[in-house]
Amino acid sequence: MFPYYFIRFSGPLLLILVGLKILSGYSLVGRIQAPWLSDLHINKTLDVFLLFVFIFHALYGLRLFLIDLGMVKHEKILFWAFTLLSAGLFIFSYTCFF
């Protein structure tokens, strides 16, 4: 049940975070005069959180898609497989890009 709720809450959270990232990019190039937005754009914590939420949202969504199609019968095994895959992909992405 956790992945279902995670998908439901992380979707709107992704919209907010990506919107903030775009808005802060406009502030960084000078189109919007808000210095706190410029600082937000170069904030590594926001980038790491955005990457984490994006990866887990995408792979849990794929998991739910496979379950809804009836292609998988062992949901707990699939949950742990996708959780480990998401964590591995997050760690790999974090070490490569940050």
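Is Val 29 buried or exposed, and what is its relative accessibility? In this predicted model, Val 29 counts as exposed because its relative accessibility is 63%, and exposed means over 50%. Val 29 sits in the loop that runs between α1 (2-28) and α2 (35-41). Val 29 also belongs to a nonpolar surface patch.

Ser 93 gives another picture. This residue is part of helix α4 (residues 75-97). Ser 93 counts as buried because its relative accessibility is 9%, and the cut-off for buried is under 20%. Leaving aside residues up to four places away in sequence, Ser 93 touches Leu 51, Ile 55 and Phe 98.

Side chains of opposite charge can pair when their charged atoms come close. The count of salt bridges comes to one. Asp 47 and Lys 21 form a salt bridge through their side chains, at 2.5 Å from N to O. Asp 47 lies in helix α3 and Lys 21 in helix α1, so the pair ties together parts that are 26 residues apart in sequence. Asp 47 is buried, at a relative accessible area of 17%.

The largest pocket holds about 150 Å³ of space. Elements α1, α3 (44-68) and α4 each give two or more residues to its lining. The lining consists of Met 1, Phe 2, Pro 3, Tyr 4, Arg 63, Leu 64, Ile 67, Glu 75, Lys 76 and Phe 79.

How values were computed:
Residues numbered from 1 in each chain as written. Predicted model: local features only at pLDDT ≥ 70, side-chain atom pairs only at ≥ 80, totals over all residues. Heavy atoms only, no water. Helix = DSSP H or I, 4+ residues; strand = E, 2+ residues; numbered from the N terminus. Buried < 20%, exposed > 50% of the residue type's maximum accessible area, 1.4 Å probe, protein only. Contact = heavy atoms within 4.5 Å. Patch = residues over 30% accessible without salt bridge, like charges linked within 9 Å, V, L, I, M, F, W, Y side chains within 5 Å. Areas by Shrake-Rupley, 256 points an atom, 1.4 Å probe, with all protein chains shown as cover. Salt bridge = Lys/Arg side-chain N within 4 Å of Asp/Glu carboxyl O. 1 Å grid on protein atoms, 1.4 Å probe; cavity = no way out; pocket = protein on both sides within 12 Å on 5 of 7 lines; lining within 4 Å. Points joined across faces, edges and corners; volume = space filled by probe spheres on them.
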